[in-house]
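The following exercises are meant to be worked through with the sequence and the model side by side. Each task is followed by a solution that goes step by step.

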Amino acid sequence: MKIAKEAAAAAAGAHEVSAGDLEAINRFAKKPLTAEEVYVFDMLLCDNDIDRDNERFSTDALEGLAPLFVGKTGIFDHNWTAEGQVGRIFRTEVVTDDSRASISGEPYAYLKASAYILRNEENRPLIADIEGGIKREISVGCSMGKAVCSICGEETSSARCGHVRGAVYDGRTCYTSLEEPKDAYEWSFVAVPAQKNAGVLKGFGQPAGKDTLKACVEAAGGSRAAQELAELEKLAALGARHLQDRRREMVRLGVLSDMGFERTLLEKAAAGMDGETVEAFIRAFSARADELLPVVCQLGRKKEKTAFTGNEYLI
């Protein structure tokens with residue numbers, strides 16, 4: 001199960017670069033960086049409180065995510081391109097505030113990260129935006145192994161759980177607890193905060209190359225979804241064979257229509273067409289072929305005399 005969790009940059013913001021910071025940063029640098037070459041700031045990645053989608057990371061999940069995010073790169077709006085890389089996390093820690101409790105009743109805890117950005121002309125506007133509080137909200141992408149219902153304790157993908165997130169059962173609000181972190185992908189600067197405590201935009205996301213329907217079904221688990229996907233795959237294969245047959249029919253009629261199209265050209269054109277377009281060409285070519293090769297009735301109706309010239313049998 002792939003999750004995109006958004007959070008706001010921690011209020012602490014930028015801080016002085018210490019010797020410990022440089023030591024951690026230079027584990028990722030090809031050449032040793034100095035304090036003057038880097039801009040360091042802190043972020044609140046995610047917490048254990050319930051967000052507006054009635055989901056939360058458990059405290060154990062935060063502990064598991066902490067080492068996974070060390071070394072992960074920062075980008076913009078989850079756009080996975082090398083050109084968009086702007087920074088890197090070099091340290092994480094789970095911070096617990098015993099003076100307050102999360103909605104679930106546990107002591108409030110959050111995952112804090114320290115990241116660095118190179119101080120250069122290209123990054124000067126970004127650093128100014130961070131300093132000015134413009135670039136504040138961030139989003140993290142990660143993979144979680146389980147999503148557990150707070151009412152019954154079952155995984156939400158299981159047929160045994162019929163509870164609805166946000167609904168109240170015997171005075172208890174149902175929410176999903178995200179458990180067992182598997183991987184961390186990246187953190188992104190985003191625009192709109194939505195999570196109640198951290199000012200976070202919450203949403204689901206998929207890492208590049210893993211956003212297919214099959215990948216979603218495999219991640220969610222459950223035999224019912226797998227069976228439905230298998231049926232859809234059978235229907236898709238049947239539809240693909242039918243479309244291929246119709247493309248061949250389009251090519252055949254196109255050649256018969258004597259409109260100057262070469263077979264190889266028609267085959268290339270048909271290969272890139274969807275079903276609706278193929279059918280449109282079939283209708284047009286068929287009408288043209290009927291004009292060139294009309295069907296001649298050799299047998300007249302009852303009580304009619306039919307004259308034959310012999311041309312009807314010429315090929």
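**Exercise 1. The largest pocket**

How much space lies in the largest pocket? Describe its lining as well.

*Solution.* The model is a predicted one, in which local features need pLDDT of at least 70, side-chain atom pairs count only at pLDDT 80 or more, and totals for chains, interfaces and linings use all residues. Residues are numbered from 1 along each chain as its sequence is written, and side-chain values use heavy atoms, with hydrogens and water left out.

Step 1. The largest pocket holds about 370 Å³ of space. A pocket here is an open set of points on a 1 Å grid over the protein atoms alone, where a 1.4 Å probe fits, with protein on both sides within 12 Å along at least five of seven lines, and lining residues have an atom within 4 Å of a point; the volume is the space filled by probe spheres set on the points.

Step 2. The lining of this pocket comprises 19 residues, of which Gln85, Val86, Gly87, Leu118 and Asn123 are the closest to the centre. Two or more lining residues come from each of β4 (73-76), β5 (87-101), β6 (107-118) and α3 (124-131), where helices (H or I, at least four residues) and strands (E, at least two) are DSSP runs numbered from the N terminus. The most is given by β6, with three residues.

Step 3. By residue class, the lining divides into eight nonpolar, six polar and five charged residues; Ala, Val, Leu, Ile, Met, Phe, Trp, Tyr, Cys and Pro count as nonpolar, Asp, Glu, Lys and Arg as charged, and the others, Gly among them, as polar.

**Exercise 2. Salt bridges**

How many salt bridges does the structure hold?

*Solution.* Step 1. There are 13 salt bridges in the structure, a salt bridge being a side-chain nitrogen of Lys or Arg within 4 Å of a carboxyl oxygen of Asp or Glu.

Step 1. One of them joins the side chains of Arg248 and Asp245 at 2.3 Å, N to O, and both residues lie in helix α5 (residues 223-256), three residues apart, about one turn of the helix. Arg248 is partly exposed, with a relative accessible area of 48%, and Asp245, at 41%, is partly exposed too; buried means under 20% relative accessible area, exposed over 50%, and partly exposed in between, with a 1.4 Å probe and protein chains only.

Step 2. Arg252 and Glu249 also meet through their side chains in a salt bridge, at 2.8 Å, N to O, and these two residues of α5 are likewise three residues apart, about one turn of the helix. Arg252 has 39% relative accessibility and counts as partly exposed, as does Glu249 at 22%.

Step 3. For a further pair, consider Glu121 and Arg124, whose side chains form a salt bridge at 2.6 Å, N to O, and which are both exposed.

**Exercise 3. The nonpolar core**

Which residues have the most contacts inside the largest nonpolar core?

*Solution.* Step 1. The largest nonpolar core has 31 residues, and those with the most contacts inside it are Phe41, Met43, Leu45, Phe57, Phe69, Leu111 and Trp187. Such a core is a set of buried Ala, Val, Leu, Ile, Met, Phe, Trp, Tyr and Cys residues joined through side-chain atoms within 4.5 Å.

Step 1. At least two residues of this core are supplied by each of β2 (38-47), α2 (59-69), β5, β6, α3, β7 (137-149) and β10 (176-189).
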